[in-house]
Amino acid sequence: MIRALIVEDSPDISGLLASTLRRQGYETASAATGHAALDAARRLRPDLITLDLGLPDIDGLDVCRSLRSFTDAYILVVSARTDEADRLAAFELGADDYLTKPFSPRELAAKAAALVRRPRTALEEETEEETAARVQRGLMPEQAPSLPGYDLAGGCRPSRSVGGDFFDWESDGGSLAVSLADAMGKGMGAALVAATARAVLRPGRLTRSAADLVRRAADSLDPDLIRLGSFLTLLHVRLDGPTGRVTYVDAGHGLGILVQPGGHWERVVNSGPPLGLLPGAVWAEHELELPPDGTVVMVSDGLLDSFPGVDEALDAVASAAAPSPDARSAVAAILDLGEAAEDDLTAVVLRRGGERL
Amino acid sequence: MNFEIVDRGGYTALAGTGRLNMVSAPKLRDVVTEAIGQGHNRLVLDMAGTEFIDSSGLGALVGCLKAARQAGGDLRIANVGSQVQMVLKLTSMDRILTPYASVDEAFGDD
């Protein structure tokens, strides 16, 4: 019999969790506070713990951390907190899965069953690199912001290990900022540089010009990049929604195109070198008009492994993006192009709706 | 990647064969650091045998260029293949690492 410990302060939800799990054949016990949970976990040695984060005495994340210090039970967080930061923190502290409230009892049963059918030793054997890869995937945006008249999507070709690629975006409903960048090298070193750059590129991206944002990011990153002998290529784009006016800085990245409604495409114009290679570099901001039914595509250099040259690769990108019905399927079609590549592949597609929208 | 070093009187030629990547990039840095330490600060990297370069290789090239310039010399590249040229162009590094058609021409003007 599998023993489940339900940590939940609301009696109603606790009851629902217990009845759902009992129907699946689990033996259940309940705790309504963090202290009670830790005590019960030590005493009952459960196989599975469902953990609410909003407990009356100790924060659920701290409970998660404490649980992990003495038990390798599967921890399934069941919480009303939907923030990326909370989810990431929970995984970082040892949670195995995350379910947001209100939850479907069937999904709860399915998640619990999926967890317990994997041997628990598999969890213990997760290497540092696997942990890093999991966290890095968690740092990629999940959902595109909504911007009236536009369709935005992005994705990374699932890669087993960590790498230097990332994309990020933000919108206030009127304007949009998108960054796609690639840190030198592969593995953990590149991933650490990428995570640092991602954070540096965030503040003020909806208010500052692309050139100003990149200038500030370079000022912050240059000393570290130079000391490390590393660098970062970056394509940072700002869109003004109502007009379709796009301003951008291409810092040695080179892999961005504007696909016109007819399928004809042109490349973004280079603004200067990658960040970290030449101290004191300046980046010129360029501009383009994104017409109705036009598409901006940004990709990482993983794509180049599959083609003889840049023009061939970008031509294939344009051909994959143009007939796709929406941005999400365009991203999928582009990622398929790099199937043969060893490297990570990242793509972001921004499409402006037609006049009918 | 192994590097051959030849003093050509007036400059030093380095040549490596294979892929300039994460594995071989530190070797290039070491070889160039050593050459500069021995007083060779005018360097030409013959890239005829370099079939591929990745971002780590590019990082090493720029690092070597800086080291040579800091020592009062320069690092120039010659016989650059199409993939290397593509990477230099993509990152706009061709502006500071201009490929020369041959090793002889690299310091031909000075």
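Me: How far apart do the C-alpha centres of domain 1 and domain 2 of chain A lie?
Reply: They are 38 Å apart. This is a predicted model. Domain 1 of chain A covers 3–125, and domain 2 covers 141–352.

Me: What does chain A span along its principal axes, and what does its secondary structure come to?
Reply: The C-alpha trace of chain A spans about 65 × 50 × 40 Å. Its secondary structure comes to 11 helices and 15 strands. Chain A has 357 residues, and 43% of them count as buried. Take contacts in chain A between residues at least 6 apart in sequence: 66% join residues at least 24 apart.

Me: Why does Leu61(A) count as buried?
Reply: Leu61(A) has 21 C-beta neighbours inside 10 Å. The cut-off for buried is 20 or more. Therefore Leu61(A) counts as buried. Leu61(A) is found in helix α3 (residues 60–68) of chain A.

Me: Which residues is Leu61(A) in contact with, leaving aside its neighbours within four places in sequence?
Reply: Leu61(A) is in contact with Leu53(A), Ala89(A), Ala90(A) and Leu93(A). Pro273(A) makes another reference point: 212 residues along the chain from Leu61(A), with 42 Å between the two C-alpha atoms.

Me: Why does Asp59(A) count as partly exposed?
Reply: Asp59(A) has 13 C-beta neighbours inside 10 Å. Exposed needs 12 or fewer, and buried needs 20 or more. The value 13 falls in between, so Asp59(A) is partly exposed. Asp59(A) is placed in the loop between β3 and α3 of chain A. Asp59(A) and Thr33(A) are 26 residues apart in sequence and 9.5 Å apart, C-alpha to C-alpha.

Me: What makes Lys101(A) partly exposed?
Reply: There are 15 other C-beta atoms within 10 Å of Lys101(A). Lys101(A) lies in the loop between β5 (97–100) and α5 (105–116) of chain A.

Me: Which residues does Lys101(A) touch, not counting those up to four places away in sequence?
Reply: Lys101(A) touches Val78(A), Ser79(A) and Ala80(A). Val78(A) is 23 residues from Lys101(A) along the chain, and their C-alpha atoms are separated by 6.6 Å.

Me: What kind of peptide bond joins Lys101(A) and Pro102(A)?
Reply: The bond is cis, with omega about 0°. Pro102(A) lies in the loop between β5 and α5 of chain A.

Me: Why is Arg45(A) called exposed?
Reply: Arg45(A) has 12 other C-beta atoms within 10 Å. Exposed means 12 or fewer. The count meets that limit, so Arg45(A) is exposed. Arg45(A) is found in the loop between α2 (34–44) and β3 (48–51) of chain A. Its phi is near 45°, a positive value in a residue other than glycine.

Me: Why is Ser92(B) called buried?
Reply: Ser92(B) has 22 other C-beta atoms within 10 Å. The threshold is 20 or more. So Ser92(B) is buried. Ser92(B) is found in the loop between α3 (82–90) and β7 (99–100) of chain B. Ser92(B) is not a glycine, yet has a positive phi of about 60°.

Me: What is the hand of the crossing of α10(A) and α11(A)?
Reply: The crossing is right-handed. The axes of helix α10 (residues 310–321) and helix α11 (residues 327–337) of chain A come within 8 Å and cross at roughly 145°. From α10(A), the meeting residues are Ala316(A), Val317(A), Ala320(A) and Ala321(A); from α11(A), they are Ala330(A), Ala333(A), Ile334(A) and Leu337(A). By class, this contact has 8 nonpolar, no polar and no charged residues.

Me: How many residues of chain A are in contact with chain B?
Reply: 16 residues of chain A are in contact with 11 residues of chain B. The side of chain A that touches chain B has 6 nonpolar, 9 polar and 1 charged residues. The predictor gives the complex an ipTM of 0.88 and a pTM of 0.72.

Me: What is the mean pLDDT of chain B, and which elements have the lowest and the highest?
Reply: The mean for chain B is 93, and 99% of its residues reach 70 or more. Where pLDDT is low, predicted coordinates should not be read in detail.

Conventions. Residues are numbered from 1 along each chain as its sequence is written. Chains are lettered from A and ligands numbered from 1 in the order in which they are written. This is a predicted model: local features need pLDDT of at least 70, side-chain atom pairs count only at pLDDT 80 or more; totals for chains, interfaces and linings use all residues. Helices (H or I, at least four residues) and strands (E, at least two) are DSSP runs, numbered from the N terminus. Two residues are in contact if their C-beta atoms, placed from the backbone, lie within 7 Å. Domain bounds come from an automatic or database domain assignment. Axes are lines fitted to C-alpha atoms, for helices over the stretch in contact, and angles run from 0 to 180 degrees between N-to-C directions. A crossing is left-handed if the near helix is turned anticlockwise from the far one by less than a right angle, and right-handed if clockwise. Ala, Val, Leu, Ile, Met, Phe, Trp, Tyr, Cys and Pro count as nonpolar, Asp, Glu, Lys and Arg as charged, and the others, Gly among them, as polar. pLDDT is the predictor's confidence in each residue, from 0 to 100.
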